[in-house]
Every structure is written in C-alpha cells, then in structure tokens.
Amino acid sequence: MASHTTHGLPFLPGNSFRDTTKLAFHRPQTLSYKNGYALPLRPTVGIGQQPLLSEHIIQNEMKQLSSQTPTLTYGILRRSPPLDFVPAHVAYDKKVLRFYGYFQQEVLDSPEEHVRVRPVEIYYYLEDDSMCLMEPEVENSGIPQGKLIKRHRLPRNQQGEHYHWKDLNLAMDLRVYSIVYRITHCDPFTQEFMESQGIVLNDPEPTPSDPYTSHRTQPQRSYITPSDDDNLKQFLKKDRKVLRFFALWDDSDSLYGEKRAVTVQYYLVDDSVEIREVQKPNSGRDPFPVLLRRQRIPKHIKAASESFPSCVLEVSPQEVQEYYLPKDFKVGEELRLLGKRFLLYDCDEFTRRYYEQHHPDIPLKPLPVDENTQEDYKRVIPPYNGFGSLEDSFQNCLSLIPEPPKKDLIKLLENDHKVLRYAARLDSQNPQDDGRRFVLSYFLSNDMVSIFETSRRNSGIIGGKFLEKTRIPKPGSTAEKPEYYGPADFAIGATVEVFRHRFVLTDADQYVLSYLESVAEQDLIPEQTLSSLRRALGQSKAPDSNHMPQNLPEVTPDEGRPPSS
C-alpha cells in the first residue's frame, strides 16, 4: 500500500495518506547490459514513477544542506573538528606566475644601432615570494643569454621591502638593480590567478622589435629574369670542349714591358676564360703559368656600377649586362680583357672547325708573328785550376749548387776490393831520391790510384802515404777531353807521371798478370804490357794469386799502409 507523507510532518502513524489513483508501485531499472557488459544506470524517476526529490531542490537548498550541520533532537551538540592547516609552501607548490617583458640596453660606438631591445621572462614563485629573470636565447646573437637574475627575493626599495605579487601588473615598469624592465603581458594562468585575487590587470602591450635584428632579418629582394639557356643541356653537349687561341700579351706600356706569348682557352661548357703564359727555358721568370684563373669575364657592366672600383668589391652577376662569348674572339684582331691587350694571331684545329660550323660569318685571319729567338751561346768551361779532382771542379760549372759526380754502381759492386799493385821507383835528378821504393795501387772499382812509400832504415826519409786515392790524368790531357791512366798503361819499365813526379814501374803482383790476361780481349790490353809482366814475373812460373815479389811489401788496399807487426 502506497502512502504519501506530508513534507514537514514526522514519519509517525496517522501522518501518512494513501494515494488511491496510483497504480504503479515498481522500482525503476538501474542495471543494464551493453555489448555483453553489465552497466549501472542512473535512475531518472523514483518508486512508482514518482519524480526524484533531488530534482525539486533548488541550488540554495543544496548549499544549505552541504553547509548546515544536522542538529540532534536528543543529546548534547558536539562541535565539528576544525579544518587542517595547510601551509603556503604546500598550497602554492609548483605554482608560478609568469610575466613577459623587455629592457633596453644602450649601445655605444656603433653606427648601425643606438639601443638594443632584449626580451625577458619574469617568474614569480608563490611558495616563497621569490623571483627569477630569464632571457630567451637567440642563435648567433653574440650576447651571453639565459638566466639574468637568479631566483631570490628581489628588493623593492632601500627600506628592506621586497616585491610581492600584489605589486606586479601589466604595462608597468619594474626596477631591479638599477635596470628598468617593462612588463608587457602574462600567461593565462597568471591572468586567472590575479583576477581571482581581485586585482584588475591593465591592457597588455606588444613587445617592440629590436631594430638591428629587424634590419638583419629583412632580406634584400632581387628579381632576376630567368635565362632561356638550359645549363644542363649546355653541360651535356659542350663538356670537355675548349677553344684555344694563341695570342701575344702586349705589355709594352708598362715599365720594362714586353710582348709575351700566352694561350687563351675558352670553355664552352660555362663560357669561362683562362689565360696561360707560355714558359720558355732560361727566361728568368718564375714558373707561374696561370696568368688569369678560369672565370667568366664581363664585357659590359651597368652604368650605375662602373664608377665603383672593382678592386674593392668584385662585380656581381646582377651588375653585368653581357659576358664575353665565342663570337667576340676573332683571330687576327686585338682583344681587350680586364684592361690587358691580347693579339689573337692563331688558333688550333678544333677551334677552326667550330667557327666554320657555328660562326661561318667570322673570318679567321692568322698572322705571322716574329718571335724573338735568343742566340745559342756555347758554354765555355774554364780551365782547371788544380784544386780538387777534375770531376768535382767540373760540377761547379754545371750548376750553382754543385752535386757530387755520379758513380758507376755496377762497376763498384763487381770490382769491389780488387786492387792491382805495382812496385815503382822515383825517377829524379836529385841523388837523395835514389833508393826510394814505392807501391802503386790501382783500384778497379773507381779507377783511382794511391801511392805508398816503403820505409828504409837510416835513409833519413819517413815512409808512409805518398799520394791519396785519386784519378791521375795523363800528360797532355785537357779539361774538355780528360784521359786517365788505366791498367793498359802500366807496363813494367814504363814511366808514369803523377803530378810532375815521374815513377818507373819495376815489378807487379801475380794477380795483375792473371787479371789482365782474363780481360785482355774485353778491355783491349796491349800485348806489350802483358809481355813485360810475363818477363818480370818469369814465364816458367805458374799463375798463383798468392805470389808476391820480395821487393813488393803487403799493403792494404784501403789504407795504403803496411800492417803493423
């Protein structure tokens, strides 16, 4: 049985009334299934299709229900526990107010700028009322940027007061350590917080742009009319095709000027020109063949750019009206390139064929050129002065920095440690030289001769090295055609003149005869020399390399001295 309780009456017997017109007494469905899952539903009506009581409660009644404390009908009223205290560093943790601004920095000694605008970001930390100033980094600015003022409480005046968030607003000046920062705007969180605290914010201001940065960021627009020529097509068709002209550079207008032969090369692939100087032997000039590096040479320049000196700044392609083309190079005429005069007197075969095919209207007129040929002077070798060997002195005549004479390495390796030794006496008019005996050693590796004098008791002459290893020229030989003594000239009984000293060969080693017989046909050893050696050594003796005459002491080939006992 349904009953209706009057609002405001206690729920007691006799205070409820029945509604006879009500027929539905079921509860609304609050459970449902969707795609196989059980889902709860919020009821829209009460029991028996009655409206919910929560829909009839107005907003003020709901606030009263949430704020009022229910009173007890019976018993002692107890106070509700006080709310917990929340400190500021907890309530305002990670809550930061951010303002945007700028300051102006004066620039001295600069003709391009007088003041520089530097943007900043001002952070205010609500938890401890500290502030921090940051400057956003700009690439390639050249200024140390980042953190300008570290986080701390900024002083407001000299009385010890500090800045508070209530002192901050938009469109105001903030003086910090004698620098004035202009606050322009803030972020949405800062705006919401300040308005919730009852602070009316001023209208935001735009941040002025830096004049120098604006000047640099504005590009200088230049409009170039696209060319009808296809560079790729020109590269594919004319690559490695070069027109070569033979010319004379007329430099006679300058001091000590003359006409020089040059080669002008025109590259068809990019219309560039290169000038190379023809090097001649013994011209006395440094070997720098490139007179003009490869580049495009302007023919006509705009009138506005002609007065500007090109030595200060090169001419840009936008200032050039026309470059030199193949039709401007005419054989037989004078051409002026970069202020220099060149007479094109001839060209190669490829250039002739190119002009016949592409420029038949341009005639080619080769010109005869009188080249100043230098006379060939015969080199005169000065006479030998007697100092040093003839080969070393001759090297001083060949070059300014003489080099050592070249040696026959194969001969050095084959005849190393091979020495021909002869016994000799001094042929002199002085009676004191009678009885002096010498050992003449001939080294086959380098054709040098050394002379060693044997010591004798009570002779009054100290024996030892008489002549260092050297090549001995024959009498009557000249510096142009020198002739030196060889094994074919050392016959027994022959006289050898060594630097105005005459020596008569008296004996030789058995090895001398054996060696000369082995190379007699190859080196053309005369039979007279071999016969004299056989008579001196005795024909009945068998060839023995260890045989040594009694009057020929043992001498080392390198030192020319007898071994110490």
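The buried residues of helix α8 pack against β11 (242-250) and β18, where helices (H or I, at least four residues) and strands (E, at least two) are DSSP runs numbered from the N terminus. Helix α8 spans residues 349-358, and its buried residues are T351, Y354 and Y355; buried here means under 20% relative accessible area, exposed over 50%, and partly exposed in between, with a 1.4 Å probe and protein chains only. Seen down the axis of α8, these buried residues fall within an arc of 95°, so they line one face of the helix, the arc being that of the directions from the helix axis to the C-beta atoms. On the other side of α8, E356 and Q357 are exposed.

This is a predicted model, in which local features need pLDDT of at least 70 and side-chain atom pairs count only at pLDDT 80 or more, while totals for chains, interfaces and linings use all residues. Residues are numbered from 1 along each chain as its sequence is written, and side-chain values use heavy atoms, with hydrogens and water left out.

Most residues other than glycine have a negative phi. A positive phi also occurs at S178, near 65°, in the loop between β9 (172-176) and β10 (179-186), and S178 is exposed, with a relative accessible area of 67%.

Contact, meaning heavy atoms within 4.5 Å, is made by Q510, V512, L513, L516 and E517 of α11 and by T529, L530, L533, R534 and L537 of α13. By class, this contact has six nonpolar, two polar and two charged residues, where Ala, Val, Leu, Ile, Met, Phe, Trp, Tyr, Cys and Pro count as nonpolar, Asp, Glu, Lys and Arg as charged, and the others, Gly among them, as polar.

The protein chain as a whole has 13 helices and 24 strands, and buried residues make up 28% of its 565 residues.
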